[in-house]
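Reader: Before we look at any particular feature, could you take me through how to read a model of this kind, giving the general idea and then the case at hand?

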Amino acid sequence: MRRSLFYSANSGSRIRWLSILNSWKNLDWLLLILVIGLTLFGGIMIRSTQLNLQYTDWLQHWIIGGIGCILALFISRWRYQQLIQWQWVIYGITNVSLLAVIFIGTTALGAQRWITIGGFNIQPSEFAKLGVIITLASLLHSKGASTLSSLFKTLAIVGVPWGLVFLQPDLGTSLVFGAIALGMLYWANTNPSWLILLISPMISAILFNLYLPAWFAWIGLLALLAWTSLPWPRIGAGVTVALSTAFGFLGEVFWGLLKDYQKDRLILFLNPEKDPLGGGYHLIQSRIAIGSGQLHGTGLNQGTQTQLHFIPEQHTDFIFSAVGEELGFIGATILLLVFWLICLRLVMIAQNAKDNFGSLLAIGVLSMIVFQVMVNIGMTIGLAPVTGIPLPWMSYGRSALLTNFLAIGLVEAVANHRHRLKF
C-alpha cells in the first residue's frame, strides 16, 4: 500500500513537471539561447573594462539578466492577446511614469532620466519603449494604418511619450520611439511613400544646410512621391514642397540658436580631431581601440585602451570598442552575426504569428533592437553622433537590460502560442 502511494505521488509530481515543460514546448529556444549568450558575454566584457577598479557591475549585469530571463520565461506562458484590453492602462502608466521623472526624477550626466526607488535608479524611458510597442500593436492589429486618418491618429498617440522623453532630455531614446513607430507602421500596411514624407522635414533641414543641390533634388523627389501617393496630388505636392522649404529655413535658424558645444555634439563625429580633448575624445579613443584590435584582437583583459581606461563610460555605451580591441575583427564580426540571427528569428516569429497583434509585437521589438544596434555600433566607429543608446544585452544598464528581456518574453509568448488557437 505504501509503495503504491509512493508511486502515485511520484507519478503526480512527474505529470506536473511535464505539464510545466509542455507549456514551453513551442518556444523559440534558439532566440532565447542567443540572448542569454549575449548577456553572459556582455558581463565578461564589462568585467574586462573594470578589471582594475574592483567594481561588480559585471556581476549585477548577470544578476539582472538572470531575473530578466526568469521573467521572460514566465511571460512566454501568457496569452499575450490579453494585453489588448489593457492597452490604455499600459499607455497611461507609461506616460505617468515619464511625467514623474520631470517632477521627482534624479539628474545625472546632464539629464533627468531616473527615478530612485529603494536605492535603485529606475529609468522609465526604457520601459516606455515596451509600453509604446504594446500600445501601437493594439491600435494597428485590426485595421492597420492604410489611411491618412489612422496614420495621424497613431502619430498623435506616440507623440505624447515621445515628447515627455525629449524633454528629459533624452534624444537617443526619442529616436528609438521614432524607429519603433516607423517599423510598426510599415508592417501595418502604411504606404512607404507616406513614411518617407513623414521623415522628410528632418532630412530637408539637414540637406538645406549641407548641400543645396542635394536639397533641390530631394525636394523634387518629395513632390513626386506626394503627387503619386496622396489623395489630392496637386495640393499634396504643393504642401509637401512648402513644408520642406520651411523646415529647411527653420533648420538654419535652429542651428544658429545652438551653443557651440551643442553643435559639436551633433556633428563632431564627422571630424572628432577638431576637439580631441573635449567632445571628440570618446570617438577618437574608441576608434583607436577598435583599430588596434586588428584581426584577432589583443586578447581578453589585454587591451591597452580598455585596461588603462582611456574610454569613458566604456562599460555602457562604448562596450563595442572593448570587443573590437580585445577580440578583434573576428570577435566583432561574430557579435554582429549573433545580432543578425536574433533579428532573423524575430522576423520569422512575426511572419508565423497566428494574428496581427502578435506579429506587430515582434516587429516592434525588432525595430527597437535593430535601431539600437546600428546607432550604438555606428557611434563607436565614428559613423554616428554620440547619443547614449546602449548596445542590447551587452551594455551595463539595469533598466535597459530588463526591458530587453521583457521584450523577448513577449515575443516568445507570440512564438509559444502560434499553433495553439485558430482564428
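Author: Let us begin with burial: a residue is called buried when its relative accessible area is under 20%, exposed when that area is over 50%, and partly exposed in between, using a 1.4 Å probe and protein chains only. Arginine 345, with a relative accessible area of 21%, is therefore partly exposed, and of the 423 residues of the protein, 49% count as buried. Please keep in mind that this is a predicted model, in which local features need pLDDT of at least 70 and side-chain atom pairs count only at pLDDT 80 or more, while totals for chains, interfaces and linings use all residues. Residues are numbered from 1 along each chain as its sequence is written, and side-chain values use heavy atoms, with hydrogens and water left out.

Reader: How many salt bridges are there in the protein?

Author: Side chains of opposite charge can pair when their charged atoms come close. The rule asks for a side-chain nitrogen of Lys or Arg within 4 Å of a carboxyl oxygen of Asp or Glu, and by this rule the count is two salt bridges. In one of them the side chains of arginine 345 and aspartate 28 meet, at 2.9 Å from N to O. Arginine 345 belongs to helix H14 (residues 319-352) and aspartate 28 to the loop between helix H1 (2-22) and H2, so the pair ties together parts that are 317 residues apart in sequence. Aspartate 28 has a relative accessible area of 6% and is therefore buried.

Reader: Which residue forms a salt bridge with lysine 129, and in which helix do both lie?

Author: Helices (H or I, at least four residues) and strands (E, at least two) are DSSP runs, numbered from the N terminus, and the protein has 16 helices and three strands. The partner of lysine 129 is glutamate 126, with the closest N and O atoms 2.8 Å apart. Both lie in helix H5 (residues 124-143), three residues apart, which is about one turn of the helix, and both are buried.

Reader: Which residues make the nonpolar surface patch?

Author: A patch takes residues with over 30% relative accessible area and no salt bridge, joining like charges within 9 Å and nonpolar side chains (Val, Leu, Ile, Met, Phe, Trp, Tyr) within 5 Å; accessible areas come from the Shrake-Rupley method with a 1.4 Å probe, and for residues only the protein chains shown count as cover. Here Leu40, Ile44, Leu59, Trp62, Ile63, Ile67, Leu71 and Leu300 make a nonpolar patch of about 630 Å². Helix H2 (29-49) and helix H3 (57-75) are the elements that give two or more residues to the patch, and the largest share, five residues, comes from H3.
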